[in-house]
Amino acid sequence: MEFTVGQIAEVLHGAVEGNGDQRIDRLAKIEEGQAGSLSFLANPKYEPFLYSTGATAVIVSRTLELRQPVTAALIRVEDPYTSFTALLEFYQQATRTGKRGVEEPAYMAASSTIGGNHYRGAFSYIGENCKIGADVVIFPHVFIGDRVKIGDGTILYAGAKIYAETVIGRNCVVHAGAVIGSDGFGFAPQPDGSYRTIPQIGNVVLQDNVSIGANATIDCATMGATVIREGAKIDNLVQIAHNVEIGRHTVVAAQAGISGSTKIGDFCVLAGQVGLAGHLTLANRTTVTAQSGVGKSIKEEGVFLQGSPAFGLRDSLRANAIFRHLPDLERRLRLLEQNGRPPEKP
Amino acid sequence: MEFTVGQIAEVLHGAVEGNGDQRIDRLAKIEEGQAGSLSFLANPKYEPFLYSTGATAVIVSRTLELRQPVTAALIRVEDPYTSFTALLEFYQQATRTGKRGVEEPAYMAASSTIGGNHYRGAFSYIGENCKIGADVVIFPHVFIGDRVKIGDGTILYAGAKIYAETVIGRNCVVHAGAVIGSDGFGFAPQPDGSYRTIPQIGNVVLQDNVSIGANATIDCATMGATVIREGAKIDNLVQIAHNVEIGRHTVVAAQAGISGSTKIGDFCVLAGQVGLAGHLTLANRTTVTAQSGVGKSIKEEGVFLQGSPAFGLRDSLRANAIFRHLPDLERRLRLLEQNGRPPEKP
Amino acid sequence: MEFTVGQIAEVLHGAVEGNGDQRIDRLAKIEEGQAGSLSFLANPKYEPFLYSTGATAVIVSRTLELRQPVTAALIRVEDPYTSFTALLEFYQQATRTGKRGVEEPAYMAASSTIGGNHYRGAFSYIGENCKIGADVVIFPHVFIGDRVKIGDGTILYAGAKIYAETVIGRNCVVHAGAVIGSDGFGFAPQPDGSYRTIPQIGNVVLQDNVSIGANATIDCATMGATVIREGAKIDNLVQIAHNVEIGRHTVVAAQAGISGSTKIGDFCVLAGQVGLAGHLTLANRTTVTAQSGVGKSIKEEGVFLQGSPAFGLRDSLRANAIFRHLPDLERRLRLLEQNGRPPEKP
């Protein structure tokens, strides 16, 4: 896609300073601007880049006073950050998520319904008795099992797999290869040491505005539902086991894993590769640092945890600082033993 | 699906107490029972819920004596837990794994064979010279490469990917997105620091009753076979490298990773996010706790390991208990140094 | 496939000793050789197996002098290891990567181009305006989004998912289920604690000879590119976040995770389950041992790191050696306190 500086300024209700006929074909950070790219300047700290950038045009504030000559064309607007974000969203929709129509062959059972203005990519599959909303974008190779419900405006990227009975809200995003609703890992040990599979007949519920990362896995509940509440953001390769509940606007970073029946509060942050044991409860606004392993419930809100096993972040940092010097600690102890009064034998 | 209480009682050879015409449309735990749901009471500890549950019906023992009035209809059977599990299995089969027939378009090379009573979902793919048993369920987007063998009754969920030459036994379950038989990670360093790929020509063998979780990955052997023995259960996002062997009825929880050529015994348990180095041997009944990293072989059976690097669970728990208090330990040592006889300079 | 010993010897320009009419249908290690298999002997350490192997034939050096009688046929060549590797590569190509032609139904937008001698498996998908080279192998269920570029000789295994705008070099391998170009995990916190999605409009660039493991995930850049440089090898289930750069011939083992904007040098090795924080720089030839977590940039080349948080490998090994004996250390300190001069109260 290619636009002139003047066309972009018009869309943003901005005023052009410089040559409005130049062509823009991409967006870039101001410090990485090259011919053909459009940048923005919002944070005054970056102003020096304005005078050296190779960008063809830069979005700036109406009130910015130039201290040096600039070679880039300027587009002056009320709020440069908001204008640029609007362009980003427009660009992403134009290039990725704005697809509409049906590519053949695509499979949809006759018993299922889907709202208007949708996209169904080639080789996408929709099973029996599904109810799918309007403005839904279903990329190629998406699998949607029987009796699934999906709200308006949700995007399922290539090869996302939605097991039967799953319920997905509005404006959710499920990235490529994510699996929603696989069987919980439940096996009953038998007297001979083998295992009998416990049937998993529950489902997964994603509320509105939930985002699920690429190749993440969310198991269905044994009975009832595994629930990801409104606005929660789940990163790539995260594992969420059966009957887990994730609170509103909680963030779970890549490769974290949450064991069965654990309930996580609202506004929590689990960093990358964190592991949580099963049947725990984490209070609202709990933060767990990367690679930590949590084995106990947290009742107090706003706690920061670190370590495996995890405890308070402040105490963990202090213990780790000494851990590095354990050989020195041991040497000091040995010297005391040798030079002070030797201990009695027990 | 909807049944009357009376219909369910008939299937279970049970006797109804209360209104047998009420309709049931789901199964639930007794403490979560609502109108339309059926629960069961096996453990006497849960008996109080019998008198307060909102469930429409509850399966109870023939011998249970009521201590209070109940509002739910009762279905009296010999063994409530077994009856309920039978219902769960029936329900799961009816809703998920009971599919039969072929949905078009599905691809199967003319040189391949498949037994009777199977399901091949739309967009499923079966390559050349495969031998696939009867009662096999192949969901949409499953990929089966050339010369693959699959035993009777195995279920492959949506988008499972089975590389050429793989051998899968009877009654296995491979969940969505799992990859079986990808190339082992083998690269020979060259004098200039680059790597030459070592061809991986072995395969993967899953014996009978093996379960593989969603998006798990199992690499083929460099030569010979990567083997998952009978009844082993592998959870979501687990990585199993080339030439690994997993013993009978061993359980590997989510996100654990096993490096190349490691052999794990029978009846072992690896908890979530565990990592094992390559070329190890773990004796039967070894248990490794979550997030631990094992770098040495274990010869004795029945050992419990913890930590990264891992050692005996009991010692690890004691060491971790003191780790938290390292700052205090250091302070005590400093006080001794200051107040006792100071150490000589070395 | 089946060949006679004589046919294989002819291809390798080798000389047969023994029965050249025997049939070979697989390759095996010499210590695992069975009837029908072909092995090789390069390392003198393995010579004893030559006299006991069950293999039908063994490739040996022209200069090898037998010390005992052998039952296997011999194929004498200049360099047994090189000859055997050539067979391995031939075998892998014949059985896996040598496919050519188009299986229907396959989808390719009319605006896209692809070079000669390629394979497009059934249910593979190629979007708009893609430029794909010659000798490219695209397995079933591969998804290639719009405006993707792929160089000659690259192999995409079943169900690999390549988002729009991705650029892939020559002779790359992307294993089954890998996701290239999913959205970076970027969310701007709002005053009410919810998150607004930051559009991710950059892409991913894989240079030549890059290998990506099964179900690995590589996010696109927010703006600009996430870059995997020439010859880098990425294992299964690895997570690479937005704007990361991986240096030439760097190896990243299974389940490692690299957070946003971190730059890793050339010839580095990250072992399994390693985690790296965001915005770091790692110098060339940095090695990080399994399960370690790196939170700081490394400026010096050739450093070995261990632990979570990670520090120098040597210091880490020493600290861990004492960690195990912390209970003993504490006991020794307690004895000193009891038997030496007691510390004053602070």
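Let's start with one residue, Asn320(B). It sits in helix 4 of chain B, which spans residues 313–323. Before going on, a reminder: this is a predicted model.

Is Asn320(B) buried or exposed? It counts as buried, because its relative accessibility is 15% and the cut-off for buried is under 20%. What does Asn320(B) touch, leaving aside residues up to four places away in sequence? The list draws on three chains. From chain A come Ser308(A) and Pro309(A). From chain B comes Gln306(B). From chain C comes Phe323(C). One more distance for this residue. Asn320(B) and Gly307(B) are 13 residues apart along the chain, and their C-alpha atoms are separated by 9.1 Å.

Now the chain pairs. Take A and B. On the chain A side, 68 residues are in contact, and they meet 61 residues of chain B. Together the two chains bury about 5,200 Å². Carbon and sulfur atoms account for 62% of that. Which residues of chain A lose the most area to chain B? They are Phe185(A), Met223(A) and Leu336(A), together 13% of what that side buries.

Next, A and C. Here chain A brings 61 residues to the contact, and chain C brings 68. The buried area is about 5,200 Å², with 62% from carbon and sulfur atoms. Three residues of chain A lead on this side: Arg96(A), Phe123(A) and Arg324(A). They supply 11% of the area that chain A buries against chain C, more than any other three residues.

On to the helices. Two packed helices are described by the angle between their axes and the distance between the axes. Look at helix 5, residues 326–339, in chains A and B. The two axes come within 11 Å and cross at roughly 35°. The crossing is left-handed. From chain A, the contact uses Leu326(A), Leu329(A), Arg332(A), Leu333(A) and Leu336(A). From chain B, the residues include Leu326(B), Leu329(B), Glu330(B) and Arg334(B).

Turn to helix 5 of chain A with helix 5 of chain C. Their axes come within 11 Å and cross at roughly 35°. This crossing is left-handed too. On the chain A side, the contact residues include Glu330(A), Arg334(A) and Glu337(A). On the chain C side we have Leu326(C), Leu329(C), Arg332(C), Leu333(C) and Leu336(C). The class count is 8 nonpolar, no polar and 4 charged.

Step back to chain A as a whole. How is chain A divided? Domain 1 covers 3–94, and domain 2 covers 101–315. Their C-alpha centres lie 39 Å apart.

Last stop, chain C. Find Ile264(C), in strand 33, residues 263–264. Ile264(C) is buried, because its relative accessible area is 5% and buried means under 20%. What does Ile264(C) touch, not counting residues up to four places away in sequence? The partners are Glu245(C), Ile246(C), Gly247(C), Thr250(C), Ile258(C), Leu270(C), Leu276(C) and Leu282(C). As for Leu313(C), it lies 49 residues from Ile264(C) in sequence, and the C-alpha to C-alpha distance is 18 Å.

Asn320(B) touches residues including Ser308(A) and Phe323(C). Ile264(C) touches residues including Ile258(C) and Leu282(C).

Technical notes:
Residues numbered from 1 in each chain as written. Chains lettered and ligands numbered in written order. Predicted model: local features only at pLDDT ≥ 70, side-chain atom pairs only at ≥ 80, totals over all residues. Heavy atoms only, no water. Helix = DSSP H or I, 4+ residues; strand = E, 2+ residues; numbered from the N terminus. Buried < 20%, exposed > 50% of the residue type's maximum accessible area, 1.4 Å probe, protein only. Contact = heavy atoms within 4.5 Å. Domains from an automatic or database assignment. Axes fitted to C-alpha atoms, helices over the stretch in contact; angles between N-to-C directions. Left-handed = near helix turned anticlockwise from the far one by under 90°. Buried area = accessible area lost by both parts, 1.4 Å probe. Nonpolar A, V, L, I, M, F, W, Y, C, P; charged D, E, K, R; others polar.
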